Amino acid sequence: MQGMPQDDPARARLFMEVSIKDNIEQMNSTVERCFKDCVLSFHTKSLSDKEDLCVIRCLDKQAQFSQVASYAYAQEQSKFQADEAPHER
């Protein structure tokens, strides 16, 4: 996994725990945002067609944003590692 400390098992484990926690928090935030924005009525057990479409669009938009943000983070991490590599020798 890119950016994960390979040389220290304790750091690698902490990195994974933080990553998992961050992913869960992001998922919960996305669900909450889309629910608040899209679910307008509680008169029936199921979503209306309009609500369903809204949820799908909302989740797609959040997934696209997350993908772009992850790519940008990976690019910056790669630059950082390249900048740090000559100093480690």
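Mentor: Start with C54, which counts as partly exposed because its relative accessibility is 27%. On this scale buried means under 20% relative accessible area, exposed means over 50%, and partly exposed lies in between, using a 1.4 Å probe and protein chains only. Before going on, note that this is a predicted model: local features need pLDDT of at least 70, side-chain atom pairs count only at pLDDT 80 or more, and totals for chains, interfaces and linings use all residues. Residues are numbered from 1 along each chain as its sequence is written, and side-chain values use heavy atoms, with hydrogens and water left out.

Now the partner. C54 forms a disulfide with C38, with the sulfur atoms 2.1 Å apart. The cut-off for a disulfide is a pair of cysteine sulfur atoms within 2.5 Å. This pair links distant parts of the chain: C38 sits in helix α1, C54 in helix α2, and 16 residues separate them. Helices here are DSSP runs of H or I with at least four residues, strands are runs of E with at least two, and numbering goes from the N terminus. The torsion about the S-S bond of C38 and C54 is about -65°, so this disulfide is left-handed.

How many disulfides does the structure hold? There are 2. The other joins C34 to C58, with 2.0 Å between their sulfur atoms. Its S-S torsion is -85°, again left-handed. C34 belongs to helix α1 and C58 to helix α2, so this bond ties together parts 24 residues apart in sequence. Both C34 and C58 are buried. Number the bonded cysteines in sequence order and the pairing reads 1-4, 2-3.

Look at the neighbours next. Q62 lies in helix α2. It is buried because its relative accessible area is 16%. Leaving out residues up to four places away in sequence, Q62 touches T30, R33 and C34. Contact means heavy atoms within 4.5 Å. I56 is in helix α2 as well. It counts as partly exposed because its relative accessibility is 41%. I56 and C38 are 18 residues apart in sequence, with 9.5 Å between their C-alpha atoms.

A12, T30, C34 and C38 are buried in α1. Their cover includes α2, residues 49-84. At the start of α1, a side-chain oxygen of D8 comes within 3.2 Å of the backbone nitrogen of A10.

Last, the whole chain. It has 2 helices and 0 strands. Of its 89 residues, 12% are buried. Take contacts between residues at least 6 apart in sequence: 34% of these join residues at least 24 apart.

Methods
Polar contact = N/O pair within 3.5 Å; in protein donor to acceptor, adjacent residues only side chain to side chain.
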